[in-house]
Every structure is written in C-alpha cells, then in structure tokens.
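Dear colleague,

Please find below the structure that I am handing over to you. My notes on it follow directly after.

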Amino acid sequence: MKNIKKNNILPKLPDSCNHHFDHALFLDLETTGFSGTRNRLYLIGTAYIENGALSTEQFFADSLQEEPQLIAALDQLAKRFDTIVTFHGSRFDLPFLEKCRNRLQLASADSGSKHFIDLYELARSYRHIFGLENYKQKTLEQFLGISRKDRCSGGELVEIYQSYIKQSNKQEQEQLLAPLLLHNADDLTGMVRLLSLFDFDLFFQGGFTQKEHSVSDYRKLDGSCGKELSIICRLDSPLPASVSCNNGCFYLHAAKEQAVLRVPLLEGTLKYFYPNYQDYYYLIEEDTAVHKSVAAYVEAAHRRKAKAAECFSKKTGVFLPQYKEIVTPALYTEYKAPVSYFEWTERFEQDEALFKQFCLHMLTALKNGISLL
C-alpha cells in the first residue's frame, strides 16, 4: 500500500472554508465499479485542514489484496475528525465502504458521533434555482468556475488501474499512477471549493438586508400591463455564481452581493372566507355573507344559510400572493384557490421583519419549486 501525503495544496482556503471545517475530513473513493460486494476499492483519498492550509493523504492499493490495509488506514486517520464531507457519499462512498467491510469481514467503523455532510445533496436541494443539466461534481465545478487538471472519466480510471496492477516495470507504473492520483486529488480539492455552496444556504436562510423596494409597471405575457414589486437586497456573503429563476409568480436574480426579487401585484377585489360558515347567511343580492346575528334582520327571501364556498366578505385593493398564509388575513380569488393573497398596506411596507419574512417566503417557494400558477 502506498501512502501519499501532500501539504499546502491550497495555501489560500476559500472564504467558506471557515472554522466549522477545521475538524472535517474530506473523503473520496476510487473503485473498480459501483458494487461494494462485487467490485474492489483501490484508492481512498482524504483531505483536511492542517496549519491553515489544505493537506491531502491518499491510500493506494498496489494490489487488490490490499483493500483491508486501505480501510485500516482510513479508520485510523478518521479518529482525528468529527465531520466527514463527501460528494454523493451518502449514496455511494459510505455504503460502498460498509459493503467492503462486510465482504472482508472487517468490523464496522465507529461513526456514531460523527457529523456527515454530502455536498451532492446540498447542491441538489438548489436544483430549482441552479437549473443545471445534472449535479455531477464536474458540472457543479464548471457552474462555480472551478478548474481542474484531470480529464479522465471513471471508466478510463478503472482501465488505467487494471493496467497498473498488471505492469511490472516501475517507471511504467509511475506513469499510470499519476492520473489516478490526480483525478482523486482534483475531486478532493474540488469538494473543498464546493463549500462555497453554503453561501447559498446563508442567503436563503435570511443572510441578507433589504436595501430598497419599488412598484413599477410591467408587461404581462398576454400583452396587458400590470404592476410589480421589486425588492433589492444586500447579501451578507457574496454568491459564488449568479442565478436567475422564477416559478411564474416570484422572480429572482442574484449575483455577487446583490439579489433582486420581483412579484406581481394584483389590483382588484378578493374574498375573505369565514371558517365557521354554519354561523353565517349568504345575502343573495349583495353577494356576501353576514353573521346570523345580523342576518336575523334581513328578510328571508333575500338570504339563505351560507355554504362554505359562499361564506365570504369582499375586499378591494392591491394585493401580494402567498402560497401559504404568512400574512393575515388571507384572501382568495375563489373558494379553495391554491394561492392566497394579502393586502399591500403601509403597515406591511414599514414592517421590516414582516417584509423580510415575505422575502424568505418567496425564496422558499423558488427553492422548493412551488408553482403558484
């Protein structure tokens, strides 16, 4: 087994690689296939922060019989860390390791107290924001402007390793070893750089300040004119890539330290539906509902017991949409409509906390791919 350690790989760590990752071990496996039962493990790559810089430590199997040594080396190193960071590790690396242990009749690793972070799962949670073709590590690196030297695919690496173990010439082996180590090292340093994805988490969890807002005219898809609210926010931490997305109602464009949210205003008359319709009467001519204590003074010919769908009062004004009730009272275009609205008022406009809550509401809808159409 070879143990290849290199220090000071990234002398300047990304800003997102803060003290939360001082005790983190980045882990990436290279294998001959996808099944830990049938295939073999030939390289375990690790990276960690040491003396303020990134170090890598790679455990390489000179033969397929050295799998137990690789796993033992990893277990010994992992004792120093409380967090394990992977890319797709929850679905591949960690299950593959466990199946290897079972196949080799090795004890399971003691990982009960460790915290696991899968950067693939983090990136995929923003799939409605990023809109990428796929969420492979190389695709994400391109999206974030991260370059790598490695150009080999997984299938090519397996062929290179198979040539390595058949090769007896040391010089030839060294030439074959280089691309195997490079691919793994690029995956490890790429993972560290992918930590900048947490800047999106910071933003979407409220790491911003509203700078200004305005109402302006815009042209709808059908050619008619309407009004929309634009909100400009200053981000606490700059984003590593610009994003633009919409769900047909909420619109977002964010780049570096600024984000712009836009949402159309609805001008007209909406309905507030009373929850206890059994206590109301519907006034036929007025097209509204009143409490039974008031309806007692209305002639019977002009009233009837209200059904749930006609137990409402009307409100005319300017409104903002919401996919769940965060601002009350919630009003609707019709009974059980999927989208509710609340009135745009001076009180709402001047309430910074409520205004920010609505911004977070829009960001959550966009992130979760909730359509308000």
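In which sense do S9 and strand S10 pair, and over how many bridges? S9 and S10 (residues 251-255) pair in the antiparallel sense over 4 bridges; two strands count as paired if DSSP finds at least two bridges between them. Strands (E, at least two residues) and helices (H or I, at least four) are DSSP runs, numbered from the N terminus.

Please note that this is a predicted model, in which local features need pLDDT of at least 70 and side-chain atom pairs count only at pLDDT 80 or more, while totals for chains, interfaces and linings use all residues. Residues are numbered from 1 along each chain as its sequence is written, and side-chain values use heavy atoms, with hydrogens and water left out.

Strand S9 (residues 243-246) has Val243 and Cys245 on a covered face, with Ser244 and Asn246 on an uncovered one.

S7 and S8 also run antiparallel, joined by 11 bridges.

Pockets

A pocket is an open set of points on a 1 Å grid over the protein atoms alone, where a 1.4 Å probe fits and protein lies on both sides within 12 Å along at least five of seven lines; lining residues have an atom within 4 Å of a point. A volume is the space filled by probe spheres set on the points, which are joined across faces, edges and corners.

The largest pocket holds about 840 Å³ of space. Its lining consists of 26 residues, of which Phe34, Phe92, Gly154, His183 and Asp187 lie nearest the centre. The lining divides into 10 nonpolar, 10 polar and 6 charged residues. Here Ala, Val, Leu, Ile, Met, Phe, Trp, Tyr, Cys and Pro count as nonpolar, Asp, Glu, Lys and Arg as charged, and the others, Gly among them, as polar.

The second largest pocket has a volume of about 550 Å³. Of its 22 lining residues, Tyr218, Lys220, Gly248, Pro264 and Leu265 are the closest to its centre. S11 gives the largest share of this lining, 6 residues. The lining divides into 14 nonpolar, 2 polar and 6 charged residues.

Cysteines and salt bridges

A search of the whole structure finds 0 disulfides (pairs of cysteine sulfur atoms within 2.5 Å). For Cys233, the nearest cysteine sulfur is that of Cys359, 4.7 Å away. Cys233 is buried, at 1% relative accessible area; buried means under 20%, exposed over 50% and partly exposed in between, with a 1.4 Å probe and protein chains only.

The structure holds 16 salt bridges (a side-chain nitrogen of Lys or Arg within 4 Å of a carboxyl oxygen of Asp or Glu). Arg40 forms one with Glu67, with the closest N and O atoms 3.8 Å apart. Glu67 is buried, with a relative accessible area of 2%. Glu67 also forms a salt bridge with Arg103, where the closest N and O atoms are 2.9 Å apart. Glu67 lies in helix H1 and Arg103 in helix H2 (residues 93-104), so this pair ties together parts that are 36 residues apart in sequence.

With kind regards
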